[in-house]
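Colleague: Hi, I have this one open on my screen. Please walk me through it in plain words.

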Amino acid sequence: MFQQYDVIVVGAGHAGCEAAVAAAKMGSKVLLATMNMQTIAQMSCNPAMGGVAKGQILREIDAMGGYSGIVTDKTMIQFRMLNQSKGPAMWSPRAQSDRMQFHLTWREMLENTPNIDFWQDMVRELLVEDGRVCGVRTGMGMEIRSKAVVLTNGTFLNGIIHIGEKQFGGGRAGEKASKGITEQLVALGFESGRMKTGTPPRIDGRSLDYSKMEVQDGDTEIVGFSFKNIEKPKEQRCCWITNTNDTVHEILKTGFEKSPMFQGRIQGLGPRYCPSIEDKINRFADKDRHQIFVEPEGRNTVEIYVNGFSTSLPEDVQYKALTQIPGFEKAKMFRPGYAIEYDYFPPTQLNLSLETKLIKNLFFAGQINGTTGYEEAAAQGMMAGINAHRVIREEEAVVLKRSEAYIGVLIDDLVNKGTEEPYRMFTSRAEFRILLRQDNADLRLTELSHKIGFAEQERMDRVNDKRKATDEIIQFIKEYSVEPSDVDAYLTTQGTTPLMHKMKLEKIISRPQIGILDLLEHVPVLKAHLGAYEKEFLEQAEISIKYEGYIQKEYDQVQKMDKIENVRLKPDFDYMALPSLSIEARQKLTKLKPLTLGQASRISGVSPADISVLMVYLGR
Amino acid sequence: MFNVDFEDTIVAIATPNAIGAIGVIRVSGKESLNIVNSIFEGKNLLAQKSHTIHLGKLVAANEIIDEVLVSLFIAPNSYTKENVVEISCHGSPYILNRVIELLLEKGCRLARAGEFTQRAYLNGRFDLSQAEAVADLIASDSQAAHKIAMQQMRGGITHKLAELRQSLIEFTALIELELDFGEEDVEFANREKLISLLHAIKDEIYRLSSSFKFGNAIKTGVPVAIVGKPNAGKSTLLNILVQEERAIVSDIAGTTRDTIEETLTIEGILFRFIDTAGLRDTTDVIEKIGVERSKETIQKAQIVLYLYDSSQENKTEVVQALNVIPKDKKVIVLANKHDITQDAIIQNETSTDWIAISAKENTGIQTLKDLLLQKVLEDNNTTQDAIVITNQRHYEALQLSEQAIDNVLAGLQQQISSDFISQDLKTALRHLGSITGSIDVDKDILATIFGKFCIGK
């Protein structure tokens with residue numbers, strides 16, 4: 001009853017959805033297999049997309065042609081550009097989403113994508129022949145054949161949910177765990193591990209007293225995530241901020257003896273940067289309060305997400321503690337917070353294409369690789385989808401460089417360094433942070449994606465327009481000289497020195513106190529020249545000029561790094577036969593099989609001297 | 001982040017790092033001709049043919065460092081198949097290191113272990129069968145370098161640097177915390193504290209860098225000038241001092257250069273008597289080349305021996321003469337011909353050390369030697385746990401760190417956003433880490449953030 005597919009995507013979370021879209025849009029016949037079609041693109045945790053570093057990833061996914069940015073733009077109930085007081089590399093878009101709308105919109109977009117079929121069933125087993133995956137076997141016993149498989153199982157593989165002393169199997173609250181795949185993969189030679197993550201309780205918004213909380217509104221102007229022109233919501237919802245206190249902490253402490261974390265029932269390692277509330281109290285005992293963000297789950301629901309209160313303490317302790325938070329005195333709980341433990345596969349078992357080293361045409365993406373976050377998952381899904389499409393056509397894998405995209409940093413880190421705790425992106429993980437901005441994700445990635453047949457022509461046209469306009473603006477700014485009489489009044493109001501003589505516009509734009517948009521508003525002669533350009537293009541030109549020195553410095557470093565980045569290594573190279581390499585380097589290189597010298601240089605235990613030795617053996 | 005750069009211009013001393021008649025410095029890379037030409041006083045090297053040798057002077061800020069022979073090998077006709085310049089200097093480690101320092105300033109990078117050979121190989125000089133030998137060479141060189149570094153580190157460098165680096169990491173972590181977790185309830189980096197911390201770190205770097213000069217002095221000799229009026233007995237003194245050290249006097253026969261050096265080793269520390277060419281003649285320095293020349297000599301010296309004839313000159317005259325000696329020089333006044341005058345020496349007449357000797361009778365010489373040694377040891381003004389940087393590579397890393405920290409300070413002053421400041425901070429951390437062996441800056445920063453701050457919703 002099934003056709004032969006090109007790609008089967010197992011799991012329809014953020015990774016699975018993007019994988020299906022990428023492969024299908026490029027022309028593969030895709031089957032999206034999920035245990036439950038009612039939870040496609042479910043936001044299991046926080047109903048929010050983006051944030052610092054994650055917002056940049058989302059912009060990159062969009063620039064490539066993925067759907068996460070569009071879905072977020074369509075379903076957001078609040079938008080904020082974070083970090084606007086900092087440099088442009090730190091500007092980070094973040095949105096509160098309507099959880100239900102998010103799911104529905106994703107499902108609708110998938111249904112409207114040609115080449116994607118759906119099947120609701122649990123995948124129990126992979127079909128593997130001659131070291132190559134060729135389909136899946138489902139819980140209902142069906143065999144479905146395909147040329148490639150992308151596994152995006154999230155937290156479902158042998159998932160165990162913990163609340164206090166209770167524990168039960170499950171992949172999410174109210175959903176069954178998935179069994180069989182880990183056992184099969186381990187039998188095939190894969191190494192697996194356990195990780196842990198958690199989520200806070202959900203509350204009835206009608207039971208909260210918002211007058212005791214601080215309001216957090218969205219931005220007046222919604223920039224959004226997609227480089228396409230997506231209609232944004234006219235009305236935004238606010239969030240609220242409140243705080244825990246000593247009483248809350250004391251109550252929570254009474255549950256410590258039943259805590260699955262502290263009593264050792266949870267083996268998996270949780271993320272240090274996303275600690276449970278009990279962890280915060282325990283590790284940072286001197287802090288007498290912690291922030292709580294009160295976030296609506298959607299436009300048409302009273303459900304509230306208590307951000308900052310992730311916990312796996314007994315539900316009665318959770319409840320009692322919650323009621324001591326200002327505004328929560330009469331809180332009614334919809335469901336308690338919980339911790340979940342699940343299987344993952346150390347990502348050092350993957351190539352940079354996200355194909356496994358052990359089984360050909362098998363790809364892993366998302367939490368199965370030890371990451372956390374919708375954006376991180378979606379990014380991997382998209383890349384796995386692209387490369388699954390390409391591998392069956394024997395085309396070269398698409399690997400984004402660390403200097404090209406946060407997605408490149410993400411996958412390079414995973415594959416070369418592995419991860420022991422759930423991996424989340426931070427801007428500080430990127431050595432070329434100033435180049436990897438949210439405003440230029442399209443300039444960085446759309447052309448590449450268009451070339452491989454993923455990003456559509458419309459996106460490419462837009463990028464060409466942006467490039468052309470930005471160049472024109474920059475050229476004007478570099479050539480044009482400003483009369484003191486035109487700008488001095490304005491410069492003075494901005495607290496910067498007025499001009500003595502004519503000055504190049506470039507020099508004025510370079511001043512930290514001056515913003516191009518505001519400048520145009522106040523200096524008619526400049527507005528006459530530049531006023532016709534779109535705001536986005538003007539800002540792009542401004543960033544290029546203002547931060548030219550820093551940008552150039554990073555470009556220079558990229559060029560240096562590229563020199564070893566582009567030196568290829570054969571995966572079957574016999575490192576053990578090179579006595580000049582250190583023993584540790586020989587072992588690590590043999591195990592990890594890096595594809596380039598640059599990749600080898602980032603493996604811990606491989607020293608610069610080892611790299612020099614390798615260069616000698618590689619010859620010229 | 002790790003870079004192998006094939007296009008940097010690299011430099012190293014090609015001869016053993018010891019005192020020899022001649023020392024050769026090899027420069028290889030695209031810019032080698034330009035760089036050497038920029039410090040070379042003589043023919044325009046850029047206009048010369050390959051495989052030619054040119055006589056000239058190496059000059060830094062109007063100071064002649066050495067008279068040298070420069071050999072040009074233009075790509076691809078060189079060992080590395082790149083543009084190569086070989087500079088033959090006088091064999092003093094001091095001069096060689098000065099030249100290296102100068103070339104680094106002009107944009108060269110110190111070659112890594114085996115790097116010339118590696119480049120030669122990569123550019124096709126050897127065939128594949130020789131690859132293994134080259135690889136072994138790199139590996140063993142690097143092991144040797146590592147061993148030396150480790151030995152040096154046991155002396156305390158790692159410890160001090162690790163401390164320094166840790167304070168920088170904590171500072172950077174605070175900045176990163178603001179950037180990645182600015183939305184949360186986190187503490188913010190107090191800019192004023194940051195600035196004072198940066199200055200403290202700069203002081204530390206400065207101290208370590210100056211110790212390099214001291215360390216280098218131990219390795220390459222402490223420059224000492226002997227000055228005084230004609231016939232004060234300078235040449236006699238020099239002869240007595242270096243008499244027993246004849247074996248290591250690096251007198252290059254048949255040359256008329258004025259950089260011939262007489263050296264003396266006292267308890268393992270090498271003293272170089274500079275500009276002694278004149279002293280060897282019957283006429284004295286001041287007489288022969290005038291006051292200007294004498295001042296130049298003093299400028300180059302770390303220790304100045306002022307010799308006067310106590311039977312001819314009175315102390316007031318001497319004190320006047322001493323006034324022209326810059327304050328940063330260590331001065332020892334020698335009242336010569338004490339055998340004749342038997343004049344009482346009042347030690348505390350000036351802050352300067354004042355001792356009586358008789359060059360002729362060889363009295364007071366041991367006192368002088370003790371004093372010379374004491375001057376050097378007190379120079380390393382820290383006490384027993386003193387840290388001495390003697391490795392040029394470490395010195396280079398310190399300098400680069402300092403440069404990056406200056407950029408940070410400039411950025412803070414211009415109130416530039418901290419994401420840019422962080423870029424320079426990380427550069428500084430990387431350079432410091434290249435000495436201590438910890439290169440994964442980002443991991444260290446994240447570990448600090450997670451360890452010290454309560455973040456994450």
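Modeller: Gladly, starting with a term: two strands pair if DSSP finds at least two bridges between them. Helices (H or I, at least four residues) and strands (E, at least two) are DSSP runs, numbered from the N terminus. This is a predicted model, where local features need pLDDT of at least 70 and side-chain atom pairs count only at pLDDT 80 or more, while totals for chains, interfaces and linings use all residues. Residues are numbered from 1 along each chain as its sequence is written, and chains are lettered from A and ligands numbered from 1 in the order in which they are written.

Colleague: Good. How many bridges join β8(A) to β9 of chain A?

Modeller: There are 3, and the two strands run antiparallel, with β9 covering residues 143–151. Across that pairing, A:Arg137 is opposite A:Glu143 of β9(A). The hairpin they make leaves 4 residues between the strands, and A:Gly141 there has a positive phi near 90°.

Colleague: And which way do β7 and β8 of chain A run?

Modeller: Antiparallel: β7 (residues 123–129) and β8 (residues 132–138) of chain A are joined by 6 bridges. One pair to click on is A:Val128, whose bridge partner in β8(A) is A:Val133. β7(A) and β8(A) make a hairpin too, with 2 residues between the strands, and A:Asp130 in its turn takes a positive phi of about 50°.

Colleague: Next, the open sheet of 4 strands in chain A. What is its order?

Modeller: Reading across, β11-β10-β19-β12 of chain A, and the pairing is antiparallel. β11 (166–169) and β12 (193–199) of chain A sit at the edges, each pairing on one side only. On average, neighbours in this sheet are turned by 25° against each other, direction ignored; axes here are lines fitted to C-alpha atoms, for helices over the stretch in contact, with angles running from 0 to 180 degrees between N-to-C directions.

Colleague: How many bridges join β12(A) to β19?

Modeller: 7, with β19 spanning residues 338–344 of chain A and the two strands running antiparallel. Among the partners, A:Thr197 is bridged to A:Ile340 in β19(A).

Colleague: Switching to helices: at what angle do α6 and α8 of chain A pack?

Modeller: About 170°, with the axes of α6 (residues 246–253) and α8 (residues 315–322) of chain A 8 Å apart. Because of that angle, α6(A) is roughly antiparallel to α8(A) (over 145 degrees counts as roughly antiparallel, under 35 as roughly parallel, 65 to 115 as roughly perpendicular, the rest as oblique). From α6(A), A:Val248, A:Ile251 and A:Leu252 meet A:Val317, A:Lys320 and A:Ala321 of α8(A); residues are in contact if their C-beta atoms, placed from the backbone, lie within 7 Å.

Colleague: On to chain B. How many helices and strands does chain B have?

Modeller: Chain B has 15 helices and 13 strands. Of its 457 residues, 42% count as buried (20 or more other C-beta atoms within 10 Å of their own; 12 or fewer is exposed, in between is partly exposed, with C-beta atoms placed from the backbone).

Colleague: Is B:Gly228 buried or exposed?

Modeller: B:Gly228 is buried, because 25 other C-beta atoms lie within 10 Å. B:Gly228 belongs to strand β8 (residues 222–228) of chain B. Setting aside neighbours within four places in sequence, B:Gly228 contacts B:Lys234, B:Tyr306, B:Leu307 and B:Tyr308. B:Leu307 is 79 residues away along the chain, with 5.0 Å between the C-alpha atoms.

Colleague: What about B:Ile240, and why does B:Ile240 count as partly exposed?

Modeller: Because B:Ile240 has 18 C-beta neighbours inside 10 Å. B:Ile240 is in helix α7 (residues 234–243) of chain B. Beyond residues up to four places away in sequence, B:Ile240 touches B:Ala359, B:Asn362 and B:Ile365. B:Asn362 is 122 residues from B:Ile240 in sequence, yet their C-alpha atoms are 7.3 Å apart.

Terms used
Two residues are in contact if their C-beta atoms, placed from the backbone, lie within 7 Å.
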